[in-house]
Amino acid sequence: MSEQDKVDPERRDFLITSTTILGVAGAAGACWPLISSMNPTPSVKSEAVTEVDLQGVAPGAVHTVPWRGEPVFIFHRTQGEIAAMEESKGGKDPQPDAARVKNPDWLVVIGICTHLGCVPNKTAKGWLCPCHGSIYDNSGRIISGPAPRNLDVPPYHFAADDKIIIG
Amino acid sequence: MTNRVIAWIDQRFPLTSFVKHELTEYPTPRNLSYWWNFGFLAGFVLVLQIVSGIFLAMHYKPDIHLAFDSVQYIMREVNYGWLLRYLHAIGASAFFIVIYIHMARTLYYGSYRAPRELLWWSGQILLLLLMATAFMGYLLPWGQMSYWGAQVITSLFRATPWFGNDLVLWLRGDFTVSDATLNRFFALHYLVPFIIFGMVLIHLVALHAVRSSNPSGINLADKDNIPFHPYFTSKDFYGLGVFLIVLCGFVFFKPDFFLEAINNVPANPMQTPAHIVPEWYFLPFYAILRAIPDTLGGVVAMVMSIMIFAAMPYLDRSKLPGGARFRPLYRLAFYVFIIDVAVLSYVGAHPPSGVLVDVGRVATFVYFATFLLLPPVSILEERWLRARGLPPGLETLVVGEDDKVGAEK
């Protein structure tokens, strides 16, 4: 048996361990393209920006637009509704009305009930979710029912007085 | 803790004994060469194809109005969609390369011989399933070559006596290859790989019953066998590394190498491309189809050219153990066959004109001759080798094998 043929257990263990680690890391890395392929494509992501023209939405009317496939309520509030909302603090998720709007005339909220994802219907006092009876006020704040949070406000900004960009 | 969990499982499921029997104690001939790596590689490519295929199916649409565009969508939009598609398309070619080498090894070393007939025949079924899957998958991109390939191959069934036309109509679900055809091809292209997977398990059960053959062609004494794990797991993984380097070379640097440019044109049922060729792995059989100047005759010859492998255990009449290494005439026949397949591939890839028609016919004749002349050739070869004198000890092995086969009957 020559010098080179001698078994060095430590060297062998090191090689086995490092090969195994490298192999597992490589196999895990090879899974990434598979996982990534299930994520939204760039074209889906590009639909996440919606431009809305506010002209023609009369006071008291709700304009519903799709944003990322979800309905967004754009509510042109009357002065009376604004005043009532600014006085109120909301229900179980209290929040001042000013923190929920950029321009008090326009309430922009995602029309998805924070309970289990139904689309609430407009009522005189706000919204009523048909699925489990959650009631929201005219600021989209939860007043009663099983919903845990106020209606979410999407990221948006006013590009002009009568134009907003959501996303 | 681990031991207790394993003990708990072992009382209910033969985990430890299974691993011992099939892996850590499974006796494998120590003299296996790298030609014995290709079975494992075929198993790996099968998993690669199933996995990449499942993720492609999440984005692909089997509808004649959407199919072509959905493939472009996969290539351009889906995250890593280009990688999935190239892996899957090149993986198909890799699958056939691996399987053909696996088969060539079996032929060269006589691994199909008793007692491995069922192992060989389960492999023959796997080859047919693989060909069917590849053929149906090739329609899915809905390019010109996809469409006309499917049109031609489904038309072959028209040669069936009596009910050929009805059969073709039934296969297509329409008068031409159409939306109905595309949809059913997609459904079957998704299904059959799982049947292949099950058939591979049967192939492995058969393998573990008769054990691997080896380059000597003689069943080795126990002392010449070594456990599959770790010796052949490490050898298989080394081969896998080399294989992956080659595969990735194509996927990342030559992704179009195996793809037909004309298939980037959407299918047009009103216009056949000037030159139709099947994928390279069907070329020899396609050349045989075209060599016979009669529709039914051509189809029969093509089917026979694939199915004739199953007859090998009976065509080879030699009682001497060992593969082509120890059998000069058989070795000659093997190389004639390999060269002939290469010639047929060349003929199949080119338009049938001039001298190529004759070359194709001669090559077709030679193809079948290498099989059908094997019984007399192998008997004569055995007589010649015996007259020349067998190596000492071999005679006992010949008799021994005869006795064993007789005892099994």
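These exercises, each with a worked solution, walk through a predicted model.

Residues are numbered from 1 along each chain as its sequence is written, chains are lettered from A and ligands numbered from 1 in the order in which they are written. Because the model is predicted, local features need pLDDT of at least 70 and side-chain atom pairs count only at pLDDT 80 or more, while totals for chains, interfaces and linings use all residues.

**Exercise 1. Chain B as a whole**

Describe the make-up, extent and burial of chain B.

Solution. 
- Step 1: start with the elements. Chain B has 17 helices and two strands. Helices (H or I, at least four residues) and strands (E, at least two) are DSSP runs, numbered from the N terminus.
- Step 2: take the extent. Along the principal axes, the C-alpha atoms of chain B fill a box of roughly 70 × 65 × 45 Å.
- Step 3: look at burial. Of the 409 residues of chain B, 31% count as buried. Buried means 20 or more other C-beta atoms within 10 Å of the residue's own; exposed means 12 or fewer, partly exposed is in between, and C-beta atoms are placed from the backbone.
- Step 4: look at contacts, meaning C-beta atoms, placed from the backbone, within 7 Å. Among contacts in chain B between residues at least 6 apart in sequence, 78% join residues at least 24 apart.

**Exercise 2. The largest nonpolar core**

Solution. 
- Step 1: define it. A nonpolar core is a set of buried Ala, Val, Leu, Ile, Met, Phe, Trp, Tyr and Cys residues joined through C-beta atoms within 7 Å.
- Step 2: size it. The largest has 61 residues; B:Phe95, B:Val98 and B:Ile288 are among those with the most contacts inside it.
- Step 3: find the main source. Helix α5 (residues 81-108) of chain B gives the largest share, 13 residues.
- Step 4: Domain 1 and domain 2 of chain B both give residues, so the core lies between them.
- Step 5: zoom in. Not counting residues up to four places away in sequence, B:Phe95 touches B:Ala42, B:Val45, B:Gln49 and B:Leu130.
- Step 6: look elsewhere. Another core, of 18 residues, lies apart from the largest one and includes A:Phe73 and A:Tyr136.

**Exercise 3. Chain A meets chain B**

How many residues of chain A are in contact with chain B, and of which classes?

Solution. 
- Step 1: count. Nine residues of chain A are in contact with 10 residues of chain B.
- Step 2: find the elements. α1 (9-37) and α2 (42-46) of chain A each give two or more residues. α1(A) gives the most, with four residues.
- Step 3: sort. This side of chain A has four nonpolar, five polar and no charged residues.
- Step 4: check confidence. pLDDT is the predictor's confidence in each residue, from 0 to 100. In chain A, confidence is lowest in α2(A), at a mean of 81, and highest in α1(A), at 94.

**Exercise 4. Backbone exceptions**

Find cis peptide bonds and positive phi values.

Solution. 
- Step 1: Most residues other than glycine have a negative phi, and most peptide bonds are trans.
- Step 2: find the cis bonds. One joins B:Ala114 and B:Pro115, with omega about 5°. B:Pro115 lies in the loop between α5 and α6 of chain B. Another joins B:His229 and B:Pro230, with omega about 10°. B:Pro230 is in helix α10 (residues 228-253) of chain B.
- Step 3: find the positive phi values. A:Arg68 has a phi of about 55° and sits in the loop between β2 (62-67) and β3 (70-76) of chain A. B:Tyr80 has a phi near 60° and sits in the loop between α4 (67-76) and α5 of chain B.

How values were computed:
Contact = placed C-beta atoms within 7 Å. Nonpolar A, V, L, I, M, F, W, Y, C, P; charged D, E, K, R; others polar. Domains from an automatic or database assignment.
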